[in-house]
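Take a walk through this chain, one site at a time.

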Amino acid sequence: MTGTTIDSPVRPWRGPFGLGLRLRLLGWALALLAVASLASVVVIRQVLLNQLENRIATDMRQEVTEFRRLVGGRDPASGQPFGPDLRAIADTYLLRNEPQAGEAVLVLVDGAFYRATEAPPYDLSRESALLRHWIGLTDSTYGQVEQSPGGSARWLAVPVIIDGAVRGQVVVVEFGAERRAEIDRAVQLMALACLLVIVVVAAGGYLAMGRALRPLRTVTETARTIEETDLSRRIPVTGSDEVADLAHTFNGMLGRLHRAFAAQQAFVSDAGHELRTPITIVRGHLELMGDDPADRAETIALVTDELDRMNRMVNDLLMLAKAEQPDFLHPDHVEVALMMHDVYAKAVALGDRDWRIGTIDEVTVWADRQRLTQALMQLAQNAVQFTSPGDTIELSAHVAESPTRGEHGGRGEHGRVLLAVRDTGVGIEPEDRERIFARFARAEHARARAEGAGLGLAIVAAIAEAHRGMVAVDSIPGAGSTFTLVLPAGAVLPVATGAGR
């Protein structure tokens with residue numbers, strides 16, 4: 001029994017409450033704005049109330065100070081001193097005093113209520129218990145009335161001393177209900193203004209976030225329309241903010257995927273073509289193989305050779321696949337001069353050529369010796385294929401100095417190492433110099449000379465890239481080629497210790 005899997009369209013994640021990113025961002029912004037506005041209103045109200053309390057205390061002390069100025073002073077009407085006449089002092093004070101809103105002044109003379117300001121919010125002289133308390137005071141005292149028909153009130157009672165005796169008391173009362181109501185009205189207006197700001201920010205933020213998140217929707221829509229066979233679409237990028245960076249990154253990813261899919265398709269096509277040929281040859285010869293022993297031996301030899309070629313091709317493909325793994329290299333200290341002489345000793349057996357060793361600098365690098373040897377041997381084999389007996393093949397290695405020298409002035413401490421294989425063969429046409437490093441690629445004019453599946457130079461390029469380097473080619477058609485394996489400056493060890501033979 002086989003099962004069928006149906007791919008459902010991917011829906012955008014909308015969070016735990018089904019809200020899109022636009023509404024969630026706007027919600028968080030409005031929540032923070034609302035909390036900040038509420039905190040501001042509460043703090044401002046408390047500051048205003050504290051200022052009101054301080055102003056009330058100042059006003060009460062000022063009234064008492066003005067009353068005390070009349071004690072021991074002169075009557076403005078007669079020009080004579082008031083003397084001990086507290087009633088005359090109270091009459092003059094109350095006549096000249098204009099109380100503020102919610103303020104009242106009571107004067108007690110000789111243990112009894114005498115007079116108060118007109119039309120107070122509430123006449124506290126009716127409160128007998130409070131009146132008796134004031135009459136008995138001999139020191140300045142603050143107090144508060146929590147509940148009264150006129151609301152809560154604060155009072156300051158000060159005894160009036162004339163000729164060394166307490167003749168009465170002056171009481172200043174402040175009813176703060178009206179002032180607090182003004183503060184509450186102002187705070188309400190502030191709260192309404194904050195609410196209006198939140199509404200305006202919500203509307204403007206919704207539009208602004210929609211405009212800011214439009215590239216994200218474009219990314220989503222583009223991603224939904226992309227198929228494996230069409231990776232050519234790109235996102236239009238405007239601006240230079242984070243969303244624009246995302247669009248640039250997405251376009252770069254599409255470009256890499258496009259190249260990867262194109263390389264994969266070309267690889268599958270070329271690999272299928274290269275493997276199909278030996279399979280067809282093997283099958284055809286096996287089908288036509290007769291009973292003659294000589295014919296069978298010849299067929300078996302031919303089939304074995306084709307199978308060996310297929311095995312080499314598969315091994316090369318596996319090696320290229322492994323080049324992308326992190327454990328492809330096993331780097332260690334490599335003495336370049338010693339390695340180049342070993343490569344020379346092995347390469348001379350590849351063919352009857354004029355093998356030479358050119359300039360070899362003694363330097364130590366941090367690299368994988370076996371992989372470098374493999375790459376150089378592949379370049380040597382490639383040189384043998386495109387040269388004739390008697391042609392020259394030269395191996396060399398030198399350090400390319402960088403503009404800045406090392407701390408101790410030593411050579412190559414900051415330079416690149418160039419491992420080169422030069423030949424005097426047929427050379428490479430300019431149009432072929434880029435494509436020869438691709439898998440299954442061969443120069444057009446040299447196909448008759450080429451052996452193998454066209455993976456050799458691809459392997460060399462993979463080994464160079466694994467070392468964070470590159471492969472360069474310099475060629476003159478008909479005069480020869482020079483392939484150079486370039487190791488980066490970071491591969492060179494600070495202290496060069498080379499050995500040669």
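Phenylalanine 250 counts as buried, because its relative accessibility is 13% (buried means under 20% relative accessible area, exposed over 50%, partly exposed in between, with a 1.4 Å probe and protein chains only). This is a predicted model: local features need pLDDT of at least 70, side-chain atom pairs count only at pLDDT 80 or more, and totals for chains, interfaces and linings use all residues. Residues are numbered from 1 along each chain as its sequence is written, and side-chain values use heavy atoms, with hydrogens and water left out.

Phenylalanine 250 sits in helix H6 (residues 242-288). Helices (H or I, at least four residues) and strands (E, at least two) are DSSP runs, numbered from the N terminus. Leaving aside residues up to four places away in sequence, phenylalanine 250 touches Val219, Thr222, Ala223, Ile226 and Ile235; contact means heavy atoms within 4.5 Å. Alanine 223 is 27 residues from phenylalanine 250 in sequence, and their C-alpha atoms are 9.3 Å apart.

Now turn to helix H3 (residues 128-135). Leu130, Leu131 and Trp134 are buried there. Seen down the axis of H3, these buried residues fall within an arc of 100°, so they line one face of the helix. The arc is that of the directions from the helix axis to the C-beta atoms. Their cover includes strands E1 (103-109), E2 (112-116), E3 (141-145), E4 (153-162) and E5 (165-175).

The loop between E1 and E2 holds aspartate 110. Its phi is near 50°, a positive value in a residue other than glycine. Aspartate 110 counts as partly exposed, at 46% relative accessibility. Arginine 468 also has a positive phi, of about 65°, although it is not a glycine. Arginine 468 lies in the loop between helix H10 (456-466) and strand E11 (470-476). At 74% relative accessibility, arginine 468 counts as exposed.

Next comes a helix pair. Leu338, Met339, Met340, Asp342, Val343, Lys346 and Ala347 in H8 meet Arg369, Leu372, Thr373, Leu376, Met377 and Ala380 in H9. The residues of this contact divide into 9 nonpolar, 1 polar and 3 charged. Here Ala, Val, Leu, Ile, Met, Phe, Trp, Tyr, Cys and Pro count as nonpolar, Asp, Glu, Lys and Arg as charged, and the others, Gly among them, as polar.

Finally, step back. The chain has 10 helices and 12 strands. Of its 501 residues, 37% count as buried. Among contacts between residues at least 6 apart in sequence, 64% join residues at least 24 apart.
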